[in-house]
Amino acid sequence: MRSDILRPSLKPCPFCGSEAFFNADHRSVKVQCSHEDCEAETGSWYPLTQKGYDIAASNWNKREVPQYLNKVKVIHLGSALQGIADQFPDVISVRQQKALYVAAKLLWDREGIDDADILS
Ligand SMILES: [Zn+2]
C-alpha cells in the first residue's frame, strides 16, 4: 500500500451490513465486504492511485441500503414475503417459498428485529 494515499471512508456492506475494506494488490484496488460468506465487492479493480481509491469508494458507497427502508418498513416487507410464501404455495415452487422465508429472516436479522417486534 502506498503511504501517500488517503483512504476514503467506506459505508457498510449493503447486503449484510458488515465492514468493507480496500483490497489492494501491487497495482490495483477494489472494495469488498469483510464477511467471509458475503461476496459483495466493487465489480472492477481500480488503479492504485488516489483517484482510483476515490472512485472505488464512491462506487461502493453508492450501493448503500437506502435510508427509506427503515425498521417498520423492513418488518412489513418481511411480513409481505412470508405472506406470499404462505398464501400462494400453488403458484410458487417449494424452492421459491423457502427463498421468501429466508429473505424475510435475513431482512429481520439485519435490522435486529425479533419476534416481539413482528407481533406488535
Ligand atoms: Zn456483505
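**View 1. The largest nonpolar core of the predicted model.** The largest nonpolar core brings together eleven residues, namely Cys13, Ala20, Phe22, Val29, Val31, Cys33, Tyr46, Tyr53, Ala56, Ala57 and Trp60; such a core is a set of buried Ala, Val, Leu, Ile, Met, Phe, Trp, Tyr and Cys residues joined through C-beta atoms within 7 Å. At least two residues of this core come from each of E1, E2 and H1, and H1 gives the most, with four residues. Helices (H or I, at least four residues) and strands (E, at least two) are DSSP runs, numbered from the N terminus. Residues are numbered from 1 along each chain as its sequence is written. Because this is a predicted model, local features need pLDDT of at least 70 and side-chain atom pairs count only at pLDDT 80 or more, whereas totals for chains, interfaces and linings use all residues.

**View 2. Helix H1 and its two sides.** The buried residues of H1 are Gly52, Tyr53, Ala56, Ala57 and Trp60. They cover an arc of only 125° around the axis, and therefore lie on the same side of H1, the arc being that of the directions from the helix axis to the C-beta atoms. On the other side of H1, Lys51 and Ser58 are exposed. A residue counts as buried if 20 or more other C-beta atoms lie within 10 Å of its own, as exposed if 12 or fewer do, and as partly exposed in between, with C-beta atoms placed from the backbone.

View 3. Leaving aside residues up to four places away in sequence, alanine 57 touches Pro8, Leu10 and Val31, where contact requires C-beta atoms, placed from the backbone, within 7 Å.

**View 4. The hairpin of E1 and E2.** E1 and E2 form a hairpin with three residues between them, and they pair in the antiparallel sense over five bridges; pairing requires that DSSP finds at least two bridges between two strands. Within this pairing, asparagine 23 stands opposite lysine 30 in E2.

**View 5. Alanine 80 in helix H2.** Alanine 80 is found in helix H2 (residues 71-87) and is exposed, with 12 other C-beta atoms within 10 Å. Alanine 80 and asparagine 23 are 57 residues apart in sequence and 37 Å apart in space, C-alpha to C-alpha.

Conventions: Contact = placed C-beta atoms within 7 Å.
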